[in-house]
Amino acid sequence: MSVSGLFTQSDLETISRAAKLAENLTCDFFGLPSNEWKLNPYRMLTLKNVSRDFHIDQVFAHVVRIQTVKKSSKVSEASGLYGVVLQDPYILRELFRTESLELWPLALYVMTHELTHIVRFKKFEVDFFGSGVDRKNEEEAVDGFTREILHGTVSLKHINRYAKFGI
Ligand SMILES: [Zn+2]
């Protein structure tokens, strides 16, 4: 961990492990095949990987849609590829505010929340481009699912704290 505002290599390894667990937990919860994320991969990105247009104030992370245009196909793929943009400075700032400096539960929470969004966009026909009210409802729904998925894995005290920050 560093105070420079970007993840270190060791942070990224912790986040990757958290992402793997989040993948398994979301598969179990939504009844998806265990190879779901292999078949329908997503990209995990940090601020270094994206242009400033994708930096959003004050949130831990957000989901982006990556358009892949296949030369051979004239029809754009409805499913598309999703990416999770992790915003290093806000995640690290939260760690420094707490006494434990534990990246693991926060990374697991963030990844579970964002993967739940992706599952809902892909499998439950939730509109990625939904309006303000739809987005608010979706955030509430995803927060509820995330809490259920992580029940017994991440403490409620941590979850309440993270959820207050907004994601
Ligand atoms: Zn969200």
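Along the sequence, the chain runs α-α-β-β-β-α-α-α-α. That is six helices and three strands. Keep in mind that this is a predicted model. Of the 167 residues in the chain, 27% are buried. Now contacts between residues at least 6 apart in sequence: 74% of them join residues at least 24 apart.

On to the helix packing. Two packed helices are described by the angle between their axes and the distance between the axes.

Take H1 and H4. H1 covers residues 9-30, and H4 covers residues 103-123. Their axes come within 8 Å and cross at roughly 45°. The crossing of H1 past H4 is right-handed. Which residues in H1 meet H4? Among them are Ile 15, Ala 18, Leu 25 and Phe 30. On the H4 side, the contact includes Trp 104, Leu 108, Met 111 and Val 119. By class, this contact has 14 nonpolar residues, four polar and three charged.

Next, H4 and H5. H5 is residues 132-149. Here the axes come within 9 Å and cross at roughly 125°. That angle makes H4 oblique to H5. H4 passes H5 in a right-handed crossing. What does H5 bring to this contact? Val 142, Phe 145, Thr 146 and Ile 149. They meet Tyr 109, Thr 112, His 113, Thr 116, His 117 and Arg 120 in H4. The classes here are four nonpolar, five polar and one charged.

One last point on H4. Thr 112 and Thr 116 are in its contact with H1, and both are also in its contact with H5.

Definitions and conventions. Residues numbered from 1 in each chain as written. Predicted model: local features only at pLDDT ≥ 70, side-chain atom pairs only at ≥ 80, totals over all residues. Helix = DSSP H or I, 4+ residues; strand = E, 2+ residues; numbered from the N terminus. Buried ≥ 20, exposed ≤ 12 C-beta atoms within 10 Å, placed from the backbone. Contact = placed C-beta atoms within 7 Å. Axes fitted to C-alpha atoms, helices over the stretch in contact; angles between N-to-C directions. Left-handed = near helix turned anticlockwise from the far one by under 90°. Nonpolar A, V, L, I, M, F, W, Y, C, P; charged D, E, K, R; others polar. Parallel < 35°, antiparallel > 145°, perpendicular 65-115°, else oblique.
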